[in-house]
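Okay, thanks for making time this morning.

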Amino acid sequence: MNTYFIIGGIAALFIVYIIILKTKMKKNNDKLLENFNSNHSEEPLTEEQKRLLSFGGILFYYRGEKILGIKPESNLNEYIGGLAQQWEVTNTEEAKETLNDLLLLQRSSEFDPIFLESTKELSSIQKDISKGLGLDINTVAQVKSTYAWDICRAVSLAKWCYWAGYLTETETWEVMKKASEIAVTKGQNWTDYTVSFLLGRTIQGFDLDEMIVESKQILTSKGPSLRKIADVDIYARYPFKK
């Protein structure tokens with residue numbers, strides 16, 4: 001009988017702990033949102049700012065975020081934790097250093113020499129992207145850089161760092177502006193950009209199937225048939241090059 005009381009007591013303490021933890025996290029998130037809102041301009045997005053956000057559209061859509069949104073809509077604690085665990089970013093200095101590395105296309109520079117050799121692995125990836133996006137294989141094969149893998153991540157990371165308080169609003173738009181300027185010197189259009197992103201992500205080691213559907217929906221401006229996705233037509237609305 002004592003064993004049951006002990007187990008029941010432990011379970012009760014665990015429940016109390018979870019309640020306290022959730023309450024604490026909610027208060028912390030509310031404080032973070034309050035700080036964010038106090039530093040956010042509340043100005044409506046310009047057409048150019050929406051165009052800049054489009055360069056991170058694939059990742060925003062994949063994560064279920066508002067594609068053309070600059071304000072957080074979910075738990076900021078999750079993003080702060082994600083930045084720390086996945087990016088090792090916990091402050092302004094680390095955020096700017098990581099973003100600078102992305103803008104320098106460091107990962108792309110490592111991957112791009114792969115295109116100098118015609119390997120079976122590369123050919124297989126190109127064929128899978130061609131099939132997944134519904135593009136001619138020659139259209140995919142002519143993309144010789146993974147620049148968009150770095151650029152798309154730079155734009156999305158800039159927004160998340162802004163949410164976490166590591167970048168100011170002005171700094172966030174500056175990063176996105178630089179990212180777009182680099183993209184248009186490296187690529188030709190949104191098709192090129194999408195292929196480049198998927199090449200980089202797949203060469204990095206991610207499963208193509210994880211994101212090919214979202215990539216195609218944005219590229220073709222056609223969301224899922226069963227529900228309407230806001231701003232999935234960004235590539236049709238905003239030019240790759242101004």
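So, Lys-242: leaving out residues up to four places away in sequence, Lys-242 touches Glu-48 and Arg-51. You'll find Lys-242 in the segment after H13. Buried or exposed, this Lys-242? Exposed, because its relative accessibility is 75%, and the cut-off for exposed is over 50%. There's also Glu-181, 61 residues away from Lys-242 in sequence, with 9.8 Å between the two C-alpha atoms. Keep in mind that this is a predicted model.

Let me zoom out for a second. Of the 242 residues, 43% are buried. The accessible surface is about 13600 Å², and carbon and sulfur atoms account for 54% of that. On contacts: take the ones between residues at least 6 apart in sequence, and 79% of those join residues at least 24 apart.

Now the inside. As a general point, nonpolar side chains in soluble globular proteins tend to be buried together. Here, the largest nonpolar core has 65 residues, and the ones touching the most other members are Ile-129, Tyr-193 and Phe-197. Which helix gives the most to this core? That's H9, with 14 residues.

Phe-197 sits in helix H11, residues 190-204, and Phe-197 counts as buried because its relative accessible area is 0%. Setting aside neighbours within four places, Phe-197 is in contact with Ile-58, Leu-59, Ala-148, Trp-149, Cys-152 and Met-211. And Tyr-147, 50 residues from Phe-197 along the chain, has its C-alpha 7.1 Å from that of Phe-197.

Helix H9 covers residues 147-164, helix H10 covers 169-186, and their axes come within 9 Å and cross at roughly 170°. Why call them roughly antiparallel? Because the label applies to angles over 145 degrees, and that makes H9 roughly antiparallel to H10. On the H9 side, the contact is made by Tyr-147, Ile-151, Ala-154, Val-155, Ala-158, Lys-159 and Tyr-162; on the H10 side, by Glu-169, Thr-172, Val-175, Met-176, Ala-179, Ile-182, Ala-183 and Lys-186. Sort that contact by class and you get 11 nonpolar residues, one polar and three charged.

Some of those names come back when you look at Leu-103, over in helix H5. Leaving out neighbours within four places, Leu-103 is in contact with Ala-154, Val-175, Lys-178, Ala-179 and Ile-182. Its relative accessibility is 15%, so Leu-103 counts as buried, the cut-off being under 20%. Leu-103 and Cys-152 are 49 residues apart in sequence, and their C-alpha atoms are 9.9 Å apart.

Most residues other than glycine have a negative phi. Which way does Leu-105 go, positive or negative? Positive, at about 55°, and it isn't a glycine. Leu-105 is in the loop between H5 and helix H6, which is 106-111, and with a relative accessible area of 8% it's buried. Glu-88 also has a positive phi of about 55°, and again that's not a glycine. Glu-88 is in the loop between helix H4, 76-87, and helix H5, 92-103.

Lys-222 is in the loop between helix H12, 212-220, and helix H13, 234-237. At 60% relative accessibility, Lys-222 counts as exposed. What does Lys-222 contact once you leave aside neighbours within four places? Gln-217 and Val-232. Asp-233 is 11 residues from Lys-222 in sequence, and the C-alpha to C-alpha distance is 6.9 Å.

That's my tour, so let's open it up for discussion.

Notes
Residues numbered from 1 in each chain as written. Predicted model: local features only at pLDDT ≥ 70, side-chain atom pairs only at ≥ 80, totals over all residues. Heavy atoms only, no water. Buried < 20%, exposed > 50% of the residue type's maximum accessible area, 1.4 Å probe, protein only. Contact = heavy atoms within 4.5 Å. Areas by Shrake-Rupley, 256 points an atom, 1.4 Å probe, with all protein chains shown as cover. Helix = DSSP H or I, 4+ residues; strand = E, 2+ residues; numbered from the N terminus. Axes fitted to C-alpha atoms, helices over the stretch in contact; angles between N-to-C directions. Parallel < 35°, antiparallel > 145°, perpendicular 65-115°, else oblique. Nonpolar A, V, L, I, M, F, W, Y, C, P; charged D, E, K, R; others polar. Core = buried A, V, L, I, M, F, W, Y, C linked by side-chain atoms within 4.5 Å.
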